[in-house]
Structures are given as structure tokens and as C-alpha cells.
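I have a new structure open and want to get my bearings. Here are my notes from a first look.

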Amino acid sequence: MSDTGLRHKAARLRRAYAPHEHRPLGGYLVAMGAYAGVTGALASLVKATGRPVPERPAPSDVVLLSIATHKLSRLLSKDAVTSPLRAPFTRYDRPIGSGEVMEQVRDSGSPTRHAIGELLSCPFCLAVWVATGLTGGLVLAPRLTRLVATALTAVAASDFLQMAYATAQQAAEGGHDD
């Protein structure tokens, strides 16, 4: 099939998939290819180094990596301080509290740029990549990965404690309105 015929089929597929909205399917394919490449590289590195892969991860590691994944994906996708990483792909919209910002994906006509913008501004989307990296790290450098995951978990716990404290403080101040 010619390149023109393939492009025509891809355009027809995009229109059939989302007739009333632009969806960057080509960009999503690039992102999926990149993810497959990263996971393939991690698997190859594990095999080349001869590191043993656990048959079943320890429940404590699953909990630790789950909380660390949550925190790191939010830090990367929503934290004001990490906005320079997202700036080429997103546009600042407004603050959303607790040091986080809301951003809109830049639609520059590039499906890849759009897809990367969605990935970088969505903690749910980014969590897959973060969990994959942390899981690979657990096999390749378990002590360092556990140390980093412990720090991220401590920050996540601190965040929740800060929010609980602020809520309790607001409730206490609200109770003194005589």
C-alpha cells in the first residue's frame, strides 16, 4: 500500500473514531511505541545484567511502590515546580491548591506534541510510566529504588497530614464564631 493510501486510511479512521473532536491517534501510537521501547529496554537490561526477577513481589514493595507512584506521578504532572518540564506541551491555566496547577494541552497541530501534553499533565496516565520505572528499578537497583520510594511515600503521607491539619484548623476556627 502506498504512503498516500495509508494516510488516507488513517485520516478516515480518525474521522470515524471521533467525528466531532480532534483526537491525536498518531501521537498516541508514538507514545505507545515509546512505552513499548522503554519496557523492552528495561527487560533487556534486566536480562543482560542477570538480575533475578521475583516470582511474586513482596506485598510491602507493592504498597511502597503504589504510594511512591502516586506521589511521583502527581509531582511530575501537577506540581508548580515541575511546570518547566510540561511547558513545551501544555499551557498554564490556573492554580488548583496545595502547590498544584491546572494546565491545558497545547494543540499545535502536532499529534505527538498533543499526546505528550496529555501524558505529562495527567497523573493517571503518567502513573503507568512511573510504576514501570520504579518496578524496573526494584529489579535493577532494589536498595536505591526502595530508598527513593520511601522518600516519595513519606512526602505523600506528609501531604495527607498537611491537608488533615488544615481541615482540622478550619473546623476549629469555624467553631469559635459566637
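Entry one. I kept in mind that this is a predicted model. I began with the record: UniProt, in an unreviewed entry, puts a "transmembrane region" at residues 25-46. I then checked what the model does there.

Entry two. How many disulfides are there? I got a count of 0. Cys-122 has a relative accessible area of 18%, so I put it down as buried, the cut-off being under 20%. Cys-125 is at 35%, so I noted it as partly exposed.

I moved on to Thr-69, which I found in helix 3, residues 59-78. Is Thr-69 buried or exposed? Its relative accessible area is 10%, so I wrote down buried. Its side chain comes to 2.7 Å from the backbone oxygen of Leu-65. Setting aside residues up to four places away in sequence, I listed Ala-127, Val-130, Ala-131 and Leu-134 as what Thr-69 touches.

Entry four. My last stop was Thr-132, in helix 6, which covers residues 123-140. Thr-132 has a relative accessible area of 16%, so I marked it as buried too. Which residues does Thr-132 contact, leaving aside neighbours within four places in sequence? I found Tyr-35, Thr-39 and Leu-42. That took me back to the stretch I started with, residues 25-46 in the UniProt record.

How values were computed
Residues are numbered from 1 along each chain as its sequence is written. This is a predicted model: local features need pLDDT of at least 70, side-chain atom pairs count only at pLDDT 80 or more; totals for chains, interfaces and linings use all residues. Side-chain values use heavy atoms; hydrogens and water are left out. UniProt positions are given in the numbering used here, feature names are shortened, and annotations may be inferred rather than shown by experiment. A disulfide is a pair of cysteine sulfur atoms within 2.5 Å. Buried means under 20% relative accessible area, exposed over 50%, partly exposed in between (1.4 Å probe, protein chains only). Helices (H or I, at least four residues) and strands (E, at least two) are DSSP runs, numbered from the N terminus. A polar contact is a pair of N or O atoms within 3.5 Å; within protein, one must be able to donate a hydrogen and the other to accept it, and residues adjacent in sequence count only if both atoms are side-chain atoms. Contact means heavy atoms within 4.5 Å.
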